Amino acid sequence: MSDLQKKNAGEAAAQHVEPGMVVGLGTGSTAAWFVKALAARNLSGLRCVPTSEKTADLARDLGLTLSTLEDTPRIDLTVDGADEVGPGLALIKGGGAALLREKLVWEASSRCIVIADAAKVVPVLGAFPLPIEVVAFGHKTTANRIADVLVDHEIHAPARVRQADRGLVRTDGGNLIYDAACKAIHDPVRLADDLKLITGVVEHGLFLDLADLAIIGMDDGVYTIQP
Ligand SMILES: O=C(CO)[C@H](O)[C@H](O)COP(=O)(O)O
């Protein structure tokens, strides 16, 4: 993990924003570099839709004009980080527990740019545990059903509920996160479909066919990947 690489990616992505755009702001340390670089450009007429309360606080502090998905349902460009960037720009996201709002904002966007440090680029998704957002009510039952789906995908480690110092992690929407140590996800499309069918699963961190461009930070610049 390199902060310089994240900074380089965030700053390069900020160059893709034009005055007057509605911009989706991702969540996480790489997205924070983008938010800072965007604020520094001081472009006129921007409206920014944050994907978490944390990003909203940062953007507000930096003087960016905030909007919501309700007020601006069409977003021109979203820039966000990822936990893994796989072949075809298939992604794992949700390490920061913001996957539901992130996916809502990504899907409302005409264009999405994923930004990451070079270590995030992988040949096969799954070394990073896949985050799955689950409704708190009956979550242990839901976890059993997730385990059944994982076994069907030859993933034999059950997903574990994410803990913080003071108890279970809650998302901005009040849900829980289960992390599935998949190791290797050989059929992300089928796994995404199967997880979505479980009652109690709100969303999962597989972002497939959503990214239009990846900007990967290096120590001395960036390189890009097209899907
Ligand atoms: O998906 C995310 C938050 O839900 C983040 O984009 C992802 O976890 C990457 O974070 P970072 O840039 O701090 O490595």
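## The protein as a whole

Of the 227 residues in the protein, 48% are buried, meaning that 20 or more other C-beta atoms, placed from the backbone, lie within 10 Å of the residue's own. This is a predicted model, in which local features need pLDDT of at least 70, side-chain atom pairs count only at pLDDT 80 or more, and totals for chains, interfaces and linings use all residues. Numbering starts from 1 along each chain as its sequence is written. The C-alpha atoms fill a box of roughly 50 × 35 × 35 Å along the principal axes. The protein has 6 helices and 15 strands, which are DSSP runs (H or I, at least four residues; E, at least two) numbered from the N terminus.

An open, antiparallel sheet is built from 4 strands in the order 8-11-7-12; strands pair if DSSP finds at least two bridges between them. Strands 8 and 12 each have a single partner strand, so one side of each is left without a neighbour in the sheet. Strand 7 and strand 11 are joined by 5 bridges, and Val134 has Leu176 as its bridge partner.

Angles run from 0 to 180 degrees between N-to-C directions, using lines fitted to C-alpha atoms, for helices over the stretch in contact.

| Helix | Strands touched | Angle |
|---|---|---|
| Helix 4 | strand 7, strand 12 | about 65° with strand 12 |
| Helix 5 | strand 7, strand 11, strand 12 | about 25° with strand 11 |

Helix 4 is mostly covered, with 7 of its 9 residues buried, including Leu100 and Trp106.

Notes
A residue is buried if 20 or more other C-beta atoms lie within 10 Å of its own, exposed if 12 or fewer, and partly exposed in between; C-beta atoms are placed from the backbone. Two residues are in contact if their C-beta atoms, placed from the backbone, lie within 7 Å.
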